[in-house]
Amino acid sequence: MGLWGIIPLDLMSPDRKDDVIIILAELPIAPRRKKQALAEWAQCVGLGMTKDDYQKLLGIGQPGV
């Protein structure tokens, strides 16, 4: 899965991580595809992802989930 068409170009910056996570979390795609897209985005912008980032993406450990 490529990022183009999924993540807007204006979010291709490390400081937009939270926005990217929100967008990907809301997509109706399999969790592994969301994780893959986040990893690809992070690689493109030169940012490392943590376990917490992936848990936030999947709604794990979040209040009300």
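Hi everyone. Reading along the sequence, the protein chain runs α-α-α. That gives 3 helices and 0 strands. Please keep in mind that this is a predicted model.

A few overall values to start. The protein chain has 65 residues, and 25% of them count as buried. Its accessible surface comes to about 4200 Å², with 55% belonging to carbon and sulfur atoms. If we take contacts between residues at least 6 apart in sequence, 49% join residues at least 24 apart.

Now let's turn to α2. How far apart are the end C-alpha atoms of this helix, which covers residues 31–45? They are 21 Å apart, and this agrees with expectation, because 15 residues at 1.5 Å a residue should span 21 Å.

Which residues of α2 are buried? They are Lys34, Ala37, Leu38, Trp41, Ala42 and Val45. Viewed down the axis of α2, these buried residues fall within an arc of 135°, so they line one face of the helix.

One last detail, at the end of the helix. α2 is followed by Gly46, and the phi of Gly46 is positive, near 75°.

Notes:
Residues numbered from 1 in each chain as written. Predicted model: local features only at pLDDT ≥ 70, side-chain atom pairs only at ≥ 80, totals over all residues. Heavy atoms only, no water. Helix = DSSP H or I, 4+ residues; strand = E, 2+ residues; numbered from the N terminus. Buried < 20%, exposed > 50% of the residue type's maximum accessible area, 1.4 Å probe, protein only. Contact = heavy atoms within 4.5 Å. Areas by Shrake-Rupley, 256 points an atom, 1.4 Å probe, with all protein chains shown as cover. Expected span 1.5 Å × (residues − 1). Arc of directions from axis to C-beta.
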